[in-house]
Amino acid sequence: MRPLSVVVRTGCDLFAWFLIVFGANVIIHGDVTPGGGFQGGAVAATFITLLLVAYGGKKVFSWVRPGIFNGMLIFGLMAFFLLGLMGFPNSFFYNFIAVPHEVVQATGHGVIPPSGTIALMDIAVGIEVAGALSIIVLSMFRGIRLFREGPMEEESGHDR
Amino acid sequence: MIGNAPFFVVGVLFLMGLVSLFLSKNLIKIAIAISIIGSAVNIFLVSLGYRAGGTIPVHFLAGEGSTMVLPTPQAMTLTAIVIALATTALLLSLIMLVWRHYGTLDIDEIRRLRG
Amino acid sequence: MNWNEHFPALLLIIPLFGAFLAPVCSLGGKMARNILLVAASFLTLVVAFLLWRSVLANGIQYYVMGGENFRLALPSGMALPVRIILEVDAFSAFMALCGSIAAFAGALFSVNYMNRFSGQSRFTSLYLLLATGMLGMMITGDLFNFFIFIEISSIASFGLIAFWRDKPSAIEASLKYTLVSQVGSMLILIAAGSLYGKYNALNMAAIGSSLTMGTMEKLALVFLVGSLAMKCGAFPMHMWLPDAYAEAPTGVTCLLVAVSQASLYGLMRVCFSIYGVAMGSTFVPWMIIIFGLASMFFGVSMAVVQHDIKRLMGYHSVSQVGYMLLGLGVGLLVLGDARGMADFGFTAIKGGVFHVFNYTMYKALLFLTAGALYYATGKKDLNEMGGLARRMPYTTFMFVIAAAAISGLPPFNGFVSKLLIYESSFAVHPSLAVVALLTSVLTLASFVKVFQTAFLGPEKNNLLHVQEVPPAMLLGMVVLTAAILGATLFPSWTLSNLVEPAARALVDQSGYIGAIVGGGM
């Protein structure tokens with residue numbers, strides 16, 4: 001894909017970063033609002049989509065390496081898993097840093113309730129989803145490029 | 001009667017999805033039909049949990065309202081959306097590969113596997 | 001801390017952790033990744049075995065995810081189980097044992113089989129994820145989580161079927177499976193939603209405890225039975241199955257066999273444990289029996305004309321699933337009738353459950369031998385093979401055992417389960433047994449043909465260089481052969497210790513419900 005016009009590119013420059021901020025906001029408040037890891041991660045992943053649309057593949061692939069997103073993916077998954085294992089003497093994913101319901105009620109409304117592992121889990125899932133969706137978008141984009149540019153190339157490693 | 005309107009919409013959407021799934025020949029349209037069916041199911045789940053005048057089912061955001069909408073169907077819907085996203089991405093990637101191999105998206109011409 | 005109590009969670013955690021670890025492990029090279037694949041599936045097998053032992057000894061186990069205590073099903077002041085609950089009775093534990101044996105054999109086989117191809121870290125991830133989804137379907141106690149696990153296993157299997165993405169037929173098979181299975185899983189979600197709307201619960205036991213037949217329940221039942229019968233490959237909805245089985249890498253096909261059994265498990269769980277005697281009419285049992293008969297007969301009659309070896313076996317899968325549907329459908333028919341149950345119903349269920357075990361073992365083994373032939377010769381077409389018995393003696397031996405078991409030749413385990421199904425379905429109507437016998441004869445004919453063309457006869461000139469497959473692949477096949485021979489040599493032990501507790505747990509609806517909702521409802 002070729003880069004779009006200068007208007008689009010400037011708009012992208014102005015607003016793209018806010019997507020990440022908004023995504024992070026949704027992720028971090030996932031435990032107490034109707035947001036969460038997946039939603040925030042999906043918002044954050046639109047950043048790379050916007051870059052791809054505005055600047056075209058050649059530039060974006062020179063800016064980012066897909067390995068970074070792979071790292072985010074693995075980090076998120078591992079963090080999720082370790083959080084789950086930390087609850088183990090009781091049960092998988094037991095809310096071990098949560099405050100019981102009675103205490104929350106005694107402190108009254110308006111105080112953000114400490115929701116234990118759910119908040120941490122949301123952050124882990126958010127990182128994972130942002131990485132995974134970016135990978136999906138990048139590899140589908142690469143798939144388009146493969147058949148835009150001339151005849152189909154041989155695939156590697158499949159020796160039949 | 002008006003309370004049943006969402007379910008009516010669900011039925012119409014679901015039938016639309018099924019009809020276009022069976023009648024359309026283009027793979028992209030079939031993928032869209034599957035997404036429509038998924039959306040119909042999601043609307044079904046959300047409207048199951050709706051209570052008239054209900055508020056957000058978060059303990060400290062609910063305010064003074066006494067009824068809350070049910071949170072479980074909403075959680076189910078979110079999970080279903082996540083799954084639908086994964087399958088849609090996979091389906092579109094498969095369609096891209098089909099286009100690369102066959103050079104067409106017409107399902108009548110994509111039939112190497114027969115009998 | 002007593003790890004015994006945590007087995008249900010561990011059964012899911014180990015393959016899931018393996019799947020997450022695979023990209024990290026593959027940084028350490030091929031060897032580390034292969035060790036991860038085999039170790040994760042072996043640990044799963046060990047946990048499944050221990051879980052099965054512990055369920056047989058202590059009765060139904062359940063596990064509450066994220067509770068203060070894994071025994072705490074109900075938060076104070078609520079009458080319904082609301083958390084994510086895993087419930088394992090003898091039937092689920094039996095299925096999980098079968099499934100993890102197949103997963104272990106497939107993993108061993110894949111180590112060498114996939115060695116030539118790129119993208120192995122993804123393969124390992126998806127393989128273990130598929131195993132997670134399968135085991136999750138078998139041990140969950142919650143209708144919505146059943147949907148989640150069915151989707152995990154479906155998405156992993158879409159990716160695995162299309163693993164050879166430079167092969168048009170693989171892409172096409174995967175696309176076909178994706179389209180069919182997406183519609184099916186949406187129907188499952190609608191059914192779960194409508195049961196939730198009626199009973200305010202998603203837990204299978206909680207729904208089953210208060211279920212009365214109405215329009216909504218009938219709708220949900222039709223959706224569940226239809227889509228799950230599609231997922232396990234019953235006749236009118238079977239067209240994805242031979243394609244997917246033939247095009248997937250062979251180690252995966254071995255696991256896909258077990259995954260289709262997980263769908264069968266879901267079907268039986270819905271019919272026996274959620275609906276049970278409340279089903280009332282005999283329409284659904286007859287429907288399942290007719291599905292079974294049709295898949296048996298049409299599956300085998302399409303199989304005899306195939307000449308691609310894996311497609312042939314795929315059509316045999318359709319026909320073998322028919323036996324289980326027939327046996328379990330006959331059992332369902334007389335569920336409310338105590339005399340019929342004692343007369344022939346329980347025998348039918350025992351036959352069906354035993355056939356699940358046998359089918360998983362010998363069909364997985366047959367697919368592995370087909371994969372070994374393909375690995376050694378590079379050919380899939382039966383007409384191009386010949387005289388391989390001299391070149392590949394071990395594979396030939398194991399193929400003969402599996403083929404004898406699937407055709408129901410007398411000493412083998414396939415004969416025992418088929419005999420149980422014949423005698424019980426004869427009591428319902430003689431024609432059912434006639435169709436089953438005819439299918440068995442055609443199966444034998446078809447496998448005699450495969451044996452004769454591929455292994456006997458003169459050696460072909462272009463196959464002179466063929467050698468026996470590497471030891472890890474043989475080991476994968478030996479695991480399954482050992483399971484078949486074990487069930488063959490000790491049929492009465494297998495029936496009384498492995499099959500009968502599972503069949504009894506399947507029939508015992510009140511026990512399944514009582515373990516979760518207790519007497520306090």
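**Chains B and C of the predicted complex**

Of the 521 residues in chain C, 64% count as buried. The model is predicted, and the predictor assigns the complex an ipTM of 0.93 together with a pTM of 0.92. For chain C the mean pLDDT is 87, with 96% of the residues at 70 or more.

Chain C contains 20 helices and two strands. Its C-alpha trace extends over about 75 × 60 × 40 Å along the principal axes. The radius of gyration of chain C is 22 Å, which agrees with the value near 24 Å that a compact globule of 521 residues would have. Among the contacts in chain C with a separation of 6 or more, 82% are between residues 24 or more positions apart.

The two strands of chain C are paired with one another. Strand β1(C), residues 61-65, runs antiparallel to strand β2(C), residues 84-88, and five bridges join them. Strand β1(C) is mostly covered, as four of its five residues are buried.

Chain B is built from three helices and has zero strands, so that its elements, read from the N terminus, follow the order α-α-α. The average pLDDT of chain B is 85, and 90% of the residues score at least 70. Among the helices, confidence is highest in α2(B), residues 27-48, at a mean of 92, and lowest in α3(B), residues 71-102, at a mean of 88.

The C-alpha atoms of chain B fill a box of roughly 60 × 30 × 20 Å along the principal axes. A compact globule of 115 residues would have a radius of gyration near 13 Å, whereas the value for chain B is 19 Å. Buried residues account for 25% of the 115 residues of chain B. Of the contacts in chain B with a separation of 6 or more, 52% link residues 24 or more positions apart.

An unreviewed UniProt entry lists residues 6-23, 30-50 and 75-99 of chain B under "transmembrane region". Residues 30-50 of chain B are 90% helix and 0% strand, with the end C-alpha atoms 31 Å apart.

Between the two chains, 26 residues of chain C are in contact with 25 residues of chain B. On the chain C side, helices α5(C), residues 143-161, and α6(C), residues 168-199, each supply at least two of the residues that touch chain B. Helix α6(C) gives the most to this side, with 17 residues. By residue class, the side of chain C that touches chain B comprises 15 nonpolar, seven polar and four charged residues.

Definitions and conventions. Residues numbered from 1 in each chain as written. Chains lettered and ligands numbered in written order. Predicted model: local features only at pLDDT ≥ 70, side-chain atom pairs only at ≥ 80, totals over all residues. Contact = placed C-beta atoms within 7 Å. Nonpolar A, V, L, I, M, F, W, Y, C, P; charged D, E, K, R; others polar. pLDDT = per-residue confidence, 0-100. UniProt positions renumbered as here; feature names shortened; annotations may be inferred. Rg over C-alpha atoms; globule rule 2.2 N^0.38 Å. Buried ≥ 20, exposed ≤ 12 C-beta atoms within 10 Å, placed from the backbone. Pairing = 2+ DSSP bridges.
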